[in-house]
Amino acid sequence: MTMAKLCALILVGCVGALSTLEEALANVTSQVTNKFGKNFTLIEALVCKNHFCQQKATDTMKTLSDASYLRAVYGHGIQTSPNIEAQVNLSSLEVNLIRHNEPFIEDNPSATWPPISQLTFEAAFARIRSQMDVAVEQATFRRPLHPCVSEDLFQFELIPDIGEPKILSVGTSSGKLCTGFITEKVVRAMCPEPNCYADYIF
């Protein structure tokens with residue numbers, strides 16, 4: 001039995017042959033909008049090495065081609081309820097779509113996917129690798145629910161040595177690589193200055 005037939009029998013669909021995470025997300029987005037409606041747009045996309053991100057500290061990614069699992073969450077316009085969760089096995093190309101009625105409370109809706117800047121997962125990760133030789137536990141496109149976040153982010157979770165950052169963020173609009181969640185100065189008393197590297201992606 002071919003993989004295409006297997007996916008048609010046991011799952012909602014397959015992502016088909018792909019070479020980038022953006023291609024996988026474009027395919028999944030098409031499946032979500034065809035099944036649930038065109039008002040559903042991407043809120044968050046997370047990739048990691050093992051299925052469901054059930055991994056040990058040694059299960060890190062030196063390149064994003066090491067990823068074998070993608071989770072994407074779609075919201076209805078500016079609402080996060082209902083939402084659609086797409087679980088994608090990047091090794092077998094199988095896709096499972098799940099509708100949730102409870103709100104997705106981790107993120108604000110993203111401004112746009114793909115980013116207007118055309119920044120990709122790979123380009124953002126390459127930016128980090130140009131600064132330091134690190135592996136990551138997971139990589140995420142999101143706009144965190146945080147008063148000091150001003151743009152959509154590619155976020156990378158590291159396993160740092162003592163004193164090194166745990167989260168690095170690349171702004172999809174600013175192009176800045178910064179530690180933590182803040183990539184631009186936000187004029188609010190509670191918001192500290194961003195802690196960023198000097199050069200930009202674009």
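I take buried to mean under 20% relative accessible area and exposed to mean over 50%, with partly exposed in between (1.4 Å probe, protein chains only). I am working on a predicted model, in which local features need pLDDT of at least 70 and side-chain atom pairs count only at pLDDT 80 or more, while totals for chains, interfaces and linings use all residues. Residues are numbered from 1 along each chain as its sequence is written, and side-chain values use heavy atoms, with hydrogens and water left out.

I searched the whole structure for disulfides (pairs of cysteine sulfur atoms within 2.5 Å) and noted three.

**Cysteine 48 and cysteine 53.** I found the sulfur atoms of this disulfide 2.0 Å apart, and the link is left-handed, with -95° about the S-S bond. Cysteine 48 counts as buried because its relative accessibility is 0%.

**Cysteine 148 and cysteine 191.** Here I read 2.1 Å from S to S, and the disulfide is left-handed because the torsion about its S-S bond is about -90°. The pair links distant parts of the chain, 43 residues apart, with cysteine 148 in the loop between β6 (136–142) and β7 (153–158) and cysteine 191 in the loop between β9 (176–179) and β10 (195–200); strands are DSSP runs (E, at least two residues), numbered from the N terminus. Both cysteine 148 and cysteine 191 are buried.

**Cysteine 178 and cysteine 196.** I found these sulfur atoms 2.0 Å apart in a disulfide, which is right-handed because the torsion about the S-S bond is about 85°. Cysteine 178 lies in strand β9 and cysteine 196 in strand β10, so the pair ties together parts 18 residues apart in sequence. Cysteine 178 counts as buried at 0% relative accessibility, whereas cysteine 196 is partly exposed, with a relative accessible area of 28%.

How values were computed: Helix = DSSP H or I, 4+ residues; strand = E, 2+ residues; numbered from the N terminus.
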